[in-house]
Structure formats: structure tokens, C-alpha cells
4 protein chains.
Amino acid sequence: MSVPRIGIWIIGARGGVSVTTLVGLSALRRGVIPETGLVSSLADFAHLPLAEWDQFVVGGHEIRSTSLLAEAERLHRESRVIEASVLGASRTFLSQTDANIRPGVLWNVGSTIRQLADGAIPDESLARSAVDRIQRDLKEFQQREGLDKVVVVNLASTEALLDPTLWPETWSQAEQMLEEPNCSLPASSLYAIGALELGMPYINFTPSLGATPLGIDELAKKKNICHAGRDAKTGETLLKSVLAPMFAARNLEVMSWVGHNIFGNLDGKVLSDPENKASKVKSKDQLLERILGYPPQSLVSIEHIGSLGDWKTAWDHVHFRGFLQTPMTLQLTWQGCDSLLAAPLVLDLVRFVLVAQERGETGALGALGSFFKSPLGTDQHGFADQTRVLLKWSRGPE
Amino acid sequence: MSVPRIGIWIIGARGGVSVTTLVGLSALRRGVIPETGLVSSLADFAHLPLAEWDQFVVGGHEIRSTSLLAEAERLHRESRVIEASVLGASRTFLSQTDANIRPGVLWNVGSTIRQLADGAIPDESLARSAVDRIQRDLKEFQQREGLDKVVVVNLASTEALLDPTLWPETWSQAEQMLEEPNCSLPASSLYAIGALELGMPYINFTPSLGATPLGIDELAKKKNICHAGRDAKTGETLLKSVLAPMFAARNLEVMSWVGHNIFGNLDGKVLSDPENKASKVKSKDQLLERILGYPPQSLVSIEHIGSLGDWKTAWDHVHFRGFLQTPMTLQLTWQGCDSLLAAPLVLDLVRFVLVAQERGETGALGALGSFFKSPLGTDQHGFADQTRVLLKWSRGPE
Amino acid sequence: MSVPRIGIWIIGARGGVSVTTLVGLSALRRGVIPETGLVSSLADFAHLPLAEWDQFVVGGHEIRSTSLLAEAERLHRESRVIEASVLGASRTFLSQTDANIRPGVLWNVGSTIRQLADGAIPDESLARSAVDRIQRDLKEFQQREGLDKVVVVNLASTEALLDPTLWPETWSQAEQMLEEPNCSLPASSLYAIGALELGMPYINFTPSLGATPLGIDELAKKKNICHAGRDAKTGETLLKSVLAPMFAARNLEVMSWVGHNIFGNLDGKVLSDPENKASKVKSKDQLLERILGYPPQSLVSIEHIGSLGDWKTAWDHVHFRGFLQTPMTLQLTWQGCDSLLAAPLVLDLVRFVLVAQERGETGALGALGSFFKSPLGTDQHGFADQTRVLLKWSRGPE
Amino acid sequence: MSVPRIGIWIIGARGGVSVTTLVGLSALRRGVIPETGLVSSLADFAHLPLAEWDQFVVGGHEIRSTSLLAEAERLHRESRVIEASVLGASRTFLSQTDANIRPGVLWNVGSTIRQLADGAIPDESLARSAVDRIQRDLKEFQQREGLDKVVVVNLASTEALLDPTLWPETWSQAEQMLEEPNCSLPASSLYAIGALELGMPYINFTPSLGATPLGIDELAKKKNICHAGRDAKTGETLLKSVLAPMFAARNLEVMSWVGHNIFGNLDGKVLSDPENKASKVKSKDQLLERILGYPPQSLVSIEHIGSLGDWKTAWDHVHFRGFLQTPMTLQLTWQGCDSLLAAPLVLDLVRFVLVAQERGETGALGALGSFFKSPLGTDQHGFADQTRVLLKWSRGPE
């Protein structure tokens, strides 16, 4: 029996995270880098039937006119990451993948993202037509490449947040919305619907809406397929979910938690639009109350500082009270390269989601909560607890 | 039936941690401060039969000639902690307690600690005689105050570390050492032996040897009594035990972890003696390898900076490698008041140890590992894991 | 001949800076604190005929209904500053001064400041009437206390910035504006006009407009009186003016300079109104281009974090390029108590302005530029250069 | 008339600073990098007759057996600095220069440095013989390359410090020492003597002794030649010399100043020998007292952390007291690439020293004090003052 071929279909296929994922995937196939940063490669998960690097074929949607290679070179040049030799050796893989990329969907992405789009991106008059186009692209990719499975991953820029009162609560409600000329669902949800209707798992790596509404989760369950999300936890929020439980466990009262984030990539530019930023800030900010049991004054700011390129610096100032009401302080400075923190998690999520699919799990995968700022399918926000749940899940149903 | 009276016997009874514990205990009795910083007061432990604040009577050993009140006032003045009104209202309690303090033991404490000692502190010619004196003081305290139980807590300055090849492996070996004129056991172990022989639990809050040797643990088991230790985890090491598991769980390679600690209290002065410092540094440094599974280059420095008083500032620089071998950095600055971080843990440990004693647990209490840098009776070093074990322990044997 | 009595008339007389100045002045008179933080007390200025602490009598305007003592106690309690004994001994001085405080002016202060005001504060229908009331208060103060001189200092909350195209360029223009029912001049300028018309020097410690317009400077010159401003340089901007010249002198290219400020006093609350904040941010941000000769990307944020009380924490991230285009980073964290950094400079400015007045200097005192973020009467922004000019000025005209 | 050819003779010619200087010089000649980081290229010095980049020919002494190219590639690989294209284009220049490098001198360099040395390095039995060999190499370089002038620059590893009571106070004393079999002068001083006797200027970029003793300065004056030193000011100490004057000018009392330096290059390895480190720490530490007028508690630690490569991170914690005795804090984190901060200063110093030589200045050049931690020929330590002196010097004698 031949080894199955697996498609990864990336929304936002030429963005920084995608490009880094592709360069890394190419290097992993060639065995020239260690598996540092890959959670699924830990000894803890060695017993799982995880997909191998050379089983993957990648395609995707993109709204900008650039090339994977150009973006990879820009990343190397502006952010001083990815060694020249590693980049060079991935050229063929990048250009092959580029040929699998199709024009994305602009439905309700908001004006800031729309401004980034190539003029030739088609605009549909109905959301359902956009879903149809997405599905044509997905089926064509699967067929042309002879893929056993396709996993869809959303890595596109953060959309403005839809008012939760407008989220469809049932699939029939959602289905009806798709036919309305003013359908308020954003592109991320159309991609999710497109994938799930075809029985393909959907991973939402971003704060955008995606498969978050109950109505879309219902679709997944109807189709016996799983999805995972929302908003990958790679830096400052990861630290919050690691440190806040310590304050709780020691009965130290967090009075305020201020986080200030600066970075210079495209994501940062999109987030300088207050509407898009609101989605992100909400996602970064909510877990403190969930973990601590009370809401400290908290503040998250995100600013685009061009000189930093893909490097993100987060400064956090935690002001807490100890015994005898004494105020004390913890400050953190996190200096990480955003795309390089995110990329291995994309590959981890694809591999874990494939295991869940194989096992027949459906709906939101709460066991993958450790990967997300706003995890679906679970209420846990503390990182250590989430990690334990993942380990337990990996051992399968008891 | 009357409420039991419980004695807390503190070694280093007029040191910063002890004084803060006493001021806090006085304020807790009067109900004028919230229970912030007390782990045992978390809702998670509400089901336990914990001792109440007014059950406690405190006494102890001390080698310096000063008074509790003078030390409390110095802390207030030099470190700007403890509100004037809270301090004022604890005066009576402090002077009552002062009357319960007896001259400590100088056996093998090293020259730096010896220099701090009042000239009138007796010097014994045999370790066994020192143990005898300790036990006379403990019994007299129990009797005079009519105490149902006494818990002994070591809060004294860090001793130089005894070469592990000299640690007694059996109780009979230890017993024999006590009779030798050159007995190499330090004061902290003599106090431990003194307490355990009398069937009193012993808590080692410091990096000193105390009840660490197997031979002393054997004594505890023989006497059906428990002990806990070693070296309370209050700041930088607490953070390490919280953060290192994150690097492990994300498969990020920690290349180096540098910690630089500055503070200005008596502890700091004693630690400026390289022999005493070695005990502390070892205790702060070992957990990284245990948690990560490999030893990153690590460095812990501790320096006495007088202007800081009881405030400790720790700067940590973590250099780690992510995907595609990219180096990234996390820096922490922790600004905490040492005595105020430690004091509530003293009360927590006393309360938890009393529960264990009531339950008949003997030997080193591994379930209390979350409180210590070098926990006895367990191999766990990750804080979240230790916290879960404590919670489970609190629910009692299944 | 008797020693002259000098009045200090403070706008915002019960604010944090004023209260701290008064407690400090009281302590200086009693000789119980060293002159730390006072620039005018440096040996460099020992040759100047500086006013002595006991020559000063203080009064002022205030819009809130509170008392100096209540505010001083709040500062002590919430921010853990000012020793209890120092505070206690200043009670009499504070209550005497309280009796010299009159209701302030609300003309064009903006809605955020207006909300802080006591209901009984009178509202004038003409700006000129407000100026008249100010002048009655000043004259009454001078007469009643038998003062030889009065210096007016603006320490009130930051007003929204008036569009520079509306600033009066001549005194006759300004004079006319005062008679117009919609006069756009803010309260700070009315106080300035009130003082200068009476021949009293005016010091603008805040980013508000005050005597900044040329038309008001013209008034000062006509009246042969001096003024100084604008926006005291106490923390983050002080550091910028110290560090930016280093980057220039070493030909290092500053690509971006991000400053994030958090603090919890009343000033912070007022600055959470975007209009009021704009005045402050502009003042903090402009000097980089002036010093470096080019504008790096820069960003200053100011946020009100209640738990910090009067303590301000500023985090600055400077991203610069060195030889061979290598990007490097300098980060700063400044933790200072705002009122305590500001208060001695109030006393310094009053003393130096009195020297200038004695010497007959008129208009904006550029020599005092080292005290201000937006110095009037000079183009220098580098702190070392400003310091040298102050020293040279102190030696008098050559 | 043809353009003069100028030799730069580097001691430690294959170390990190030298290699970076050479790659940079090559790039400057080709005009492919801007002059960022070069002080001499500021508009302020445009009026000076500075040497052009293509006038320079480089040679030097070295004790290790490696090649310039290998070292440049290591720097690129380990520290992610110097763009691949820039490095590639400098290959020819590096290999040409390599041919000009001769075996260095090991006289009194100490065991740590000696261990780095190639076995073939000759050992002299008399210091004078070592000087003779140095001079033969210098003369041969000048002759073979047809050089008008040669400037000698010491970039070699920091030697252990010679007890100041042993420094020669006159040239005749020094001359005599050279003939003694146990001559205590270190290699850096022998190079200095070698250069100065030949009338070549000597620049001491390191904390080693070099031309510091009065007896060697006397030689320079006798030979009508100039020299400059000691210990280039590139990072933490630069910041100290910029910031300490601010505390002085604001009358803020610095109670303690702690500096913790970590880095991973060869320099760091040599400095992990306590004897060598002492030279460096002394040089970094003394300026505080000079600038402030009193000695705060200060502490400088330097640690070798391999993972950092050529990147140096310095954390500074400044604890100071303001008005009403309130303690406040400034923390700095400086992340710079050591060699890239140093290299442009090497070129600056050579250019400025050539101007001084042309003008006939002799002895230690105090006007270059802004470049050094322990400046010779001046008592100024504040950076702004030093900068002003340099500017004034550049305008020539009045």
C-alpha cells in the first residue's frame, strides 16, 4: 500500500507564517534542520501515527500578487532570519507550491485588507458564490495532486470582528445567510464552510471568526469532521497563560497587567487598523480573568514599528500584591520572530488534526487548546493544564 | 473540648522572614489584612482542617542580640514595607514572642554567620550537647505554654554546604556522628535531629542541610513524624519552575539561562561569603536540567546591594532557539520583597505539615514540593505539576 | 533691612506635585531632609543669591474640593511615599496654606478637567472677567501676606491643545480675544496673562498653552517681566534628551524609538482623554528629530493604570543601526515617583526665575531650557548642552 | 603629488574587532555601505583632512593560527552579523591582509592568553628582544608596502593588570626594565615601545597597560609622537558616561549601580580568567565616582555565555534617591554586537590620530577621551563634555 498524500491548503498562502512554514517544511524533508520548535516531534508524541514531512503537498489562496520566493527573500533580508543556504535549497519547493496558489476571497475582509489585494481578485455578489469558488479550487487541488486528504488552514490577516449577536447559531441559519446579498459572515467563515462542507478539517490560526459560530460547528459535526482554533498562542499570550496560574496558585493578587507589543510585519500593518486590532486584543486579553477568577486592570497595545520586521518585542508589566498588601512587580521582555514561532505550530496542528480525523473526532477539538489564545471546545486557559490535556488526548480514548 | 494550642518554634527567630511572619500573624489574628499570599487560604484548600491563626504561639532560637520590634522597625524604615499602623498594633505580640526566644546553636555555622552572633551564645564541645540544649528549650516551651504540638521551622542564615559524601546514610551513623568531637553536621541538622527525636515536625525553609541526609529522614520515619524542605521557592527559582516547562512543552531549546540577583538584607550579607553562596546557587540552579532534560549553560549570581534593603531584584536572560535554529530571547525582571514573599509560605507550611502529622504521614513530604527549590521526597520540579500534586494530596488518600 | 517675603502662587494647588512641593518645603524649612533632587542647591549655584526656604509663602487656585492634608495622606497611603513623620510635621504648614487657596478658572479646560471640578467654581461669561478674578486673588494674596514678590506657577492638569493657527501673535490680538465671548484661549493662558499684567513672573510646568503664544510673550516684555516653560522634564523625556545626543555623537542611526508610559495618578486620568493626551505626547515626542536631525519612527503612549498610584513606569525601546547596518537595541525601564521628581524642580524654577527677575531679564527664559520638554526661548534640546547653558547663565552677563 | 599610503598595524589582527574592521574597510572602499557608526564621518568633522578609505594598507601581529576569512565566516555564522554579500566581496582584501600578519609576542600575557597561542610563536628571553622583533616586522611592513606612515593599534585580548607600583615613571626606568630577565612589562607595553621608538603613533583600544605608564608617555614626547588610549568605550560604560552626568546635574543621589554583562566571544573567554577580568572591571567601574563626586556602591560582572556569540547584553540597575529621600530605579538593557560597535571606532581613532600627528601633537591625546573608558591625558569622564572637547579640538589650536 502506498503512503497517503496529504494536501495542506493555506489561506494567506504567501504571508510570512506560510512562507516560513514552507521553507521549514522543505528543510525538514531534506533533513537539514533539527525538529526544534515542533511540539508533535517531542518524545511524548512518538507513539502517534503522525504524517511524515514528505507526505505533504501545499496549495492555497492569496489575495496579494507576489511570489513565495520574493516573500522568503524579503524575510531573510529584513529580519535576518532563515540561513541563506536553507533558503536557497527551498527555491524549487517554493516555486512548485506557488503554482498551487489561487486568488482568495475578499468578502467582508474590511478596507485595510482589501487595500492589500491585487486588482484581479474576483468579487462575488453572493457569499455562497464565494464558497462555491473556494470549493472548486479545493477539489481541483485534491484531484490534480491525487491527494487522499486535504486540511485547510487559515493564516490570513486578522479581519474585523463581527458582532457576536450576528453569529449564526444553527447551520440552517448560516446556510440562509450565505444566500443573502448583505451576508455579514467574513471571508474566514466562508473558507471554513467551504472546507467543512467538503469534509475537510479546518484550522483557524488567526483571531478571525472562521468556524467559531455554533452554526458552523454544527456543520462540522453533521459532516463528521473536526476543526480547531482560534488564534495561535505564540508569544506574549503564551507567557500570560504560563504565568497567570502561578499568581493564582500563590494567592498573589494581580492588580494590573499591561502588555505592549511592537513589530513590523504585514500583520502589524493590518492591525494598525483599529477594527482589525480589536479582534486581536480581545483574544489576547480575556484569559487573565478566566485564569485568575477576577479581572485585573489589563491593557494590551499592539503597534507597527517598521524597523523590527518580523521580530516582535513584547514588554509586559505585572503589578501584584503580596502578603501584608505589599505591591510588587514582574516585568518581561519577549523578543521573538513571529513567523518562526508560528510556523512549527502550523505543522503540529495539521498533524494532530489528521490524527483526530483518523480517530473520527468531530466538531471543535478542545484537546488542542494549548495552541490557541481563544481555544474552541474547552474552557481551559492555563498552559500547563492544556498541555496535560493534550498529552492525555494523545494516548487516545480510554 | 478546647481548641488545641500549637507552637511554632523558629530557628532564626529575629531574622527578616521571621519578623514578617510574626507581624503578619498578628495582623491575621486581628483580621486587619486579607489573606493575600497565603496558599493555604485558597478556596482549593477550604475543606482541610487547617489551624486557625489564634491557635499559634511562637518561640525560637536566635544567635543575634536584637529584638523583634527593632527588626520590624528596621524593615519598615529601610524597605518601606509593612504599614505603620499594622506595625504599631503588633508590638505587644512581638514583645510577648521575644520572651520565648532562646540562644541558638553555632555548631559548624561557618565564620560569616558566627561573626553575627552575640558573644553570650554558648559553644558546646559535642554536637550531642547542642542537641540536648535544643531539646531542653523545646520541651520547656511546650510545657510552659501548654502546647499540644510544636512545629520547628528553620529560617536561619544559609550555612556552607557539607560535602555530600559526609552525609549520614543511616540514623545509627548520624547518631554516632553526634558523639564525635569533630562532628561535621551543621547546626541546621542538629535542630532537625533535636525536633524529630522529640516527635516534632521539622520544616527546612533554607538551603542548609537540615533533615536532608537519608540518616535523618530515617529518624523521622522511626519516630512516625514528617518533615519538609528544602529552600523555599519565592522568586527567581519559582519563575524558572513555571517557565522552563513551557520551553520543554514547545520543544524550544534553551541554550543559556542567566540569573542575576541583587538584594540588601542580612541574607544577602551572609551569601556574600562564597561558601554560603554555593549552597544557595546550587539550589537555584539544578532544576533546569531536571525540567528540560538537558543542561543549558546556566549561571546564577547573587550580590549584596545595600541600598535595596529587603527588596530583591532578579534579572533573568533566557536565550533559546526556535524553528529553523533561530535564536530568541526572554528577559525577566522580578522586583519583590523577600521577607514578604517568604512569610506567608512559613504559615502555609506549618498548617499543611500539621495536617500531614494528623494524618500520620512520615518522612519527607513530597506533596509539599511546590514550596521548595530543592524539594525532598519528590523528583518533580515543574511548578504546575507540583501544584497539581498538592491539590491531590489535600483531598487525602483515595 | 528685613528679609523679603516671597509668594508662590500655584495653579492646581491641591494636585500631587503641589502637595509634594509643600510637604518638601515644610521639611526643608525644618532642615529635616537633605536637599537631594534640588538643582539649585548644587555647589555649582552656590554663588547665586537664591531665596531661602523660609522666605516663601504659598497660595493658589484649585478647582477641586479637597484639602492639602487629605491629598498628602492619600499620596502617602496609595503610593508609599513621604515618611509618616515628615508628613505629620507638615500638617500645620499645609493647613495654613490651604487657607490661601481660591477657586480656579474653568475657561476652556475641556470636559475631562471640568468633571473634576467642584460645583461651586464660578463660570465667567468673558475670558477678561476670569482674568480679573485671577488678578483680584493675586493682589489680595500679596497684600494680605505682605509679599515683596509673587511668582505664579502652573501645575494644573494638562489642557487640550489649541490649534496653533489660533494662537495670538501680538499682545493686541490677545487682548482683543479676551473680550470675545468665544475666546479660544485656555485657562492656563488666562492665568499667564493675569500674572504678567501684574508684573509677576509666570512658570508653566505643564504642556498646556500658558504663555507660549508670541502675543503673551510680548506682554511679558512690555511689562519687563520674565516667564519660563513649558512642560517639566522629569522622566522619560529627560532620558531621551540625555541619550539621543549619544546616538548622534556616535553616528548611530535611530530607526525607531518607542516609549510606553503607565501611571496611576490624577494626571494619568486626565491624560486618558485623547485630546488632553495629544498635548503631552506632542511635547514628549518632538525632541528626537531636533536632536538627531532626522525623524525616527517614534511612538509615545501614556496609559492610566490605577494600581501604580503616583509611580510612573516608562519602558523605552530604541532600535538603532550601527556599522555594517547591524540593528541593535537599547531598552530602558524608568520607575520613578512623578510628584517627587517634579516637586524639587518647582522650587528650583521659582528660585532661578527670581534671580532672573532681579537681573531684569524679560520674556521667555531660554537659559532654563534644561527643565522643560518644550523649552521656550531656546532651540536646544540636548540635556548636556542645556545644562551647560544654565551654568553659564548662572555666572551672569559677561 | 601622489596620495600618501598609510599602514594600520593591528595587534590581535585576527580577532573579532580586527576582522570586522577589515570587512567594513573593504565595504567602505567599495562604497557599498553607508558610514553609519563612524564618528569621523559626521558632518562636524567634514573640515578635517581625514585619510580616505583606499589610502589604508593593513597588517599586524597575531598569536593564533587561523585566517581572517575563517574568522569572518565564523562571526557571520555564529552571530548572524555581516551580510553574506558584503562578506563575499571582502574575501580578496582579507586574504591580501592575511599575508601581512606576523607572529605576535607572548611576553607576560598570562596563562589564559598563552593557551590560545599557536605553538610556533617564538618566546624571547629578554623583553628588549621582543621589542626588536616587533620593530623588524613594522619596518619590513612599511618598506615592503611603501607606506608613508604606520599607525599601530592594540586590539589584542585583555592582559592581567600590572601592579601600578611597578609602572616605570621615566623612560630611562622603562628602558632599563627591558633589559632585565624578569621584566614585568606586558606585551601591550612592548608593542607600544616598539611603535613609539620608531616614531609611529600607538592606539590602545584595550584595558591592557600599553603606553599608560608615565615612562612610556615620556618616550612618546621625546620622539615627538602621539598616542591614545585606553579601553574603547562601546556599550555599558558609554551609557554610564552619558547617564551619570544626568544624575549629577539633577542632584539625584546614586546609591548603587549594578552592571551585569554577558557575551560569548573570545574576549569573553579570556575575561573569564579573574586576573584578566580585573583589568576590565576596573576600567568599567571607576568613572562613576569621577563623574558623581562620590562612590556609589557599584558592581560590574562579566560572564561568558557561549550562545550569545559576539552579541553582548548588558543589564544595568541604577538605584537612586530623589526628593524627600525617595528611592527610584532606572534599568537598562543594551543588546549590541561588540565587534560592530568597536570596529568603526578603530577607523575613527586611526584617522584622528593621523590628524594629530600631522599637527605635531605629542604624548597622550586627551582630546580623544570620548572614545575611551580610561582616557589618557584628560580627567573628563562625562561623554557630553568629552564630545565637546573633541569638536573643539577638531577646529585646531586657536
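Q: In strand 10 of chain B, which residue is the bridge partner of W334(A)?
A: This is a predicted model, where local features need pLDDT of at least 70, side-chain atom pairs count only at pLDDT 80 or more, and totals for chains, interfaces and linings use all residues; side-chain values use heavy atoms, leaving out hydrogens and water. Residues are numbered from 1 along each chain as its sequence is written, while chains are lettered from A and ligands numbered from 1 in the order in which they are written. Strand 10 of chain A and strand 10 (residues 327-337) of chain B run antiparallel and are joined by seven bridges; strands are DSSP runs of E with at least two residues, helices are runs of H or I with at least four, and both are numbered from the N terminus. Across this pairing, the partner of W334(A) is L330(B).

Q: How much area do chain A and chain B bury between them?
A: Contact (heavy atoms within 4.5 Å) links 61 residues of chain A with 61 residues of chain B. Buried area is the accessible area, taken with a 1.4 Å probe, that two parts lose on being put together, summed over both. Carbon and sulfur atoms account for 70% of it here, and the total is about 4800 Å².

Q: Which residues of chain A lose the most area to chain B?
A: Let's stay with chain A's side of this interface. Three residues there together give 20% of what that side buries. They are R250(A), F323(A) and L324(A).

Q: Which element of chain A gives the most residues to the side that touches chain B?
A: Several elements give two or more residues to this side, among them helix 1 (16-30), helix 10 (236-249) and strand 9 (311-321) of chain A. The top contributor supplies 11 residues, and that element is strand 10 of chain A.

Q: How many residue pairs are in polar contact across the interface of chain C and chain A?
A: This contact takes 27 residues from each of chain C and chain A, and the buried area is about 2100 Å², with 61% of it from carbon and sulfur atoms. R80(C), H260(C) and W315(C) supply 24% of the area that chain C buries there, more than any other three residues. The salt-bridge count between these chains is zero. Polar contacts, with both residues at pLDDT 80 or more, link a number of residue pairs that comes to 13.

Q: Which strands stand at the edges of the eight-stranded open sheet?
A: The order is 8(C)-7(C)-9(C)-10(C)-10(D)-9(D)-7(D)-8(D), with mixed pairing, where two strands pair if DSSP finds at least two bridges between them. Each edge strand has a single partner strand, so one side of each is left without a neighbour in the sheet. Those edges are strand 8 of chain C and strand 8 (297-304) of chain D.

Q: Which residue in strand 6 of chain D stands opposite Y202(D)?
A: Chain D also has an open, parallel sheet of seven strands in the order 3-2-1-4-5-6-11. Within chain D, strand 5 (residues 202-204) and strand 6 (residues 226-229) pair in the parallel sense over three bridges. Opposite Y202(D) stands H227(D).

Q: How far apart are the closest N and O atoms of the salt bridge between E140(B) and R144(B)?
A: Over all chains, the count comes to 88 salt bridges. E140(B) and R144(B) both lie in helix 6 (residues 127-145) of chain B, four residues apart, about one turn of the helix. The closest N and O atoms of this salt bridge are separated by 2.7 Å.

Note on methods:
A salt bridge is a side-chain nitrogen of Lys or Arg within 4 Å of a carboxyl oxygen of Asp or Glu. A polar contact is a pair of N or O atoms within 3.5 Å; within protein, one must be able to donate a hydrogen and the other to accept it, and residues adjacent in sequence count only if both atoms are side-chain atoms.
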